[in-house]
Amino acid sequence: MQQRMVQRGFESLLASHDWALQAQDLLALQADLPIFPDWKRISTSLEALAPLRHDGQHGQALQDLRAAAAGAQWHHSGQKITILLQAAVKVAGSVSRTGEPLSINALRLRHTKGTDLAREGLGRDIIAWLLDHSTVESVKVYTDNLPEHAIPANTAMALSPTMRNLAQLFRGQIVDTEADALAGDDPRSSRIHFKGKGTATCGTRKQCGMGSRIPLCCYECDHFQPWLEGPHLDVLSELLTERHQREATLGKDHRVTKAADSTIVAIINVIQKCEVRRQELSIPKYPEGAEVRL
């Protein structure tokens with residue numbers, strides 16, 4: 001639908017600039033049109049080629065027009081797309097899981113699209129072509145560490161010794177207190193909260209741009225320093241509750257149901273490591289009844 005709307009808009013713009021193209025030339029140009037074109041730039045290109053057409057150099061004008069269509073100049077910039085997306089989110093009133101305005105940008109949606117393509121089982125070469133990557137190596141960001149590659153989380157296993165053999169998706173460092181963390185002396189910029197509770201410290205002072213995705217995205221980050229007494233069970237409980245609700249609505253194998261599985265596993269890793277550290281410090285385990293249950 002969007003592609004056809006763009007094609008019709010392009011035909012109208014050509015007509016307004018007195019361009020009359022043969023069917024095969026029009027189809028070739030339409031095949032290279034952006035999905036979200038910058039109409040002002042396209043109009044500028046048509047105006048710039050007017051002198052060639054007036055001089056009878058129609059072939060050269062068409063060749064230059066094809067080159068412009070095949071290049072990047074008719075595309076909106078990432079910054080412009082982000083502005084449009086943020087305006088749409090504001091109008092729609094979309095919010096994050098924390099109730100704050102949804103943080104959105106063009107790069108985030110591009111990553112989502114790449115990951116979705118990987119979930120559909122498409123090869124790296126196809127994903128690279130669809131996203132216009134120059135090499136397949138850059139596609140790894142979408143195909144590596146998919147949630148589907150993680151073992152589906154089981155609430156009864158959250159504090160179980162059997163989870164110790166699970167792949168360690170948590171890559172950060174447990175700290176006993178905020179004072180022990182890198183950048184722990186700068187709580188205003190480095191402290192990470194979960195629903196108002198101090199949870200961890202960010203070694204980069206939260207300069208990753210993840211915004212409302214903090215702290216969930218942090219559990220798989222190298223710079224994440226969860227506190228020994230942080231509310232990690234609360235974080236896990238919320239994610240498992242959401243997963244259970246999605247499973248009941250969408251089914252256990254739906255990709256939306258499994259979207260947060262890697263984060264769930266990473267949080268379980270943190271809980272395990274906290275238990276080990278408590279034993280080292282002779283601190284009592286989590287109190288009875290603290291296990292996550294649905």
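**Cores, helix pairs and backbone exceptions in a predicted model**

The crossing of α11 and α12 is left-handed, a term used where the near helix is turned anticlockwise from the far one by less than a right angle, with right-handed for clockwise. This is a predicted model, in which local features need pLDDT of at least 70 and side-chain atom pairs count only at pLDDT 80 or more, whereas totals for chains, interfaces and linings use all residues. Residues are numbered from 1 along each chain as its sequence is written, and side-chain values use heavy atoms, with hydrogens and water left out.

The two helices of this pair pack at an angle of about 150°, and the axes of α11 and α12 are 10 Å apart; axes are lines fitted to C-alpha atoms, for helices over the stretch in contact, and angles run from 0 to 180 degrees between N-to-C directions. The angle makes α11 roughly antiparallel to α12 (under 35 degrees counts as roughly parallel, over 145 as roughly antiparallel, 65 to 115 as roughly perpendicular and the rest as oblique). On the α11 side, the contact (heavy atoms within 4.5 Å) is formed by His-232, Leu-233, Val-235, Leu-236, Leu-239, Leu-240 and Arg-243, which meet Asp-261, Thr-263, Ile-264, Ile-267, Ile-268, Val-270, Ile-271 and Cys-274 in α12. By type, the residues of this contact between α11 and α12 divide into 11 nonpolar, two polar and two charged; here Ala, Val, Leu, Ile, Met, Phe, Trp, Tyr, Cys and Pro count as nonpolar, Asp, Glu, Lys and Arg as charged, and the others, Gly among them, as polar.

Of the 294 residues in the protein, 38% are buried, where buried means under 20% relative accessible area, exposed over 50% and partly exposed in between, with a 1.4 Å probe and protein chains only. Among contacts between residues at least 6 apart in sequence, 61% join residues at least 24 apart.

The largest nonpolar core has 27 residues, and those with the most contacts inside it are Ile-192, Tyr-219, Phe-224, Leu-236 and Ile-267; such a core is a set of buried Ala, Val, Leu, Ile, Met, Phe, Trp, Tyr and Cys residues joined through side-chain atoms within 4.5 Å. Two or more residues of this core come from each of β1 (191-194), β2 (197-202), α11 (232-250) and α12 (261-281). Its largest share, eight residues, is given by α12. Neighbours within four places in sequence aside, Ile-267 is in contact with Tyr-219, His-232, Val-235, Leu-236 and Leu-239. Strand β2 also holds Thr-199, which counts as buried because its relative accessibility is 0%. With the neighbours within four places again left aside, Thr-199 is in contact with Ile-192, His-193, Phe-194, Tyr-219, Pro-226, Trp-227, Gly-230, Pro-231 and His-232.

Attention now turns to another helix pair. Helix α1 (residues 2-16) and helix α2 (residues 23-31) pack at an angle of about 125°, with their axes 10 Å apart, and α1 is therefore oblique to α2. The crossing of α1 and α2 is right-handed. From α1, Arg-4, Gln-7, Phe-10, Glu-11 and Leu-14 meet Leu-26, Leu-29 and Gln-30 in α2; the residues of this contact divide into four nonpolar, two polar and two charged.

Helix α4 (residues 50-54) contains Arg-53, which is buried because its relative accessibility is 16%. Not counting residues up to four places away in sequence, Arg-53 touches His-17, Asp-18, Trp-19, His-58 and Ala-61. Arg-53 and Trp-19 are 34 residues apart along the chain, and their C-alpha atoms are separated by 9.2 Å.

Finally, a few backbone details deserve a look. Most residues other than glycine have a negative phi, and most peptide bonds are trans. The peptide bond from Ile-214 to Pro-215, however, is cis, with omega near 10°, and Pro-215 is found in the loop between β2 and β3 (224-226). Lys-206 is found in the loop between β2 and β3; although not a glycine, Lys-206 has a positive phi of about 55°, and at a relative accessible area of 32% Lys-206 is partly exposed. Ala-183, in the loop between α9 (140-143) and α10 (187-190), has a positive phi near 70° and is buried, with a relative accessible area of 7%.

Definitions and conventions: Helix = DSSP H or I, 4+ residues; strand = E, 2+ residues; numbered from the N terminus.
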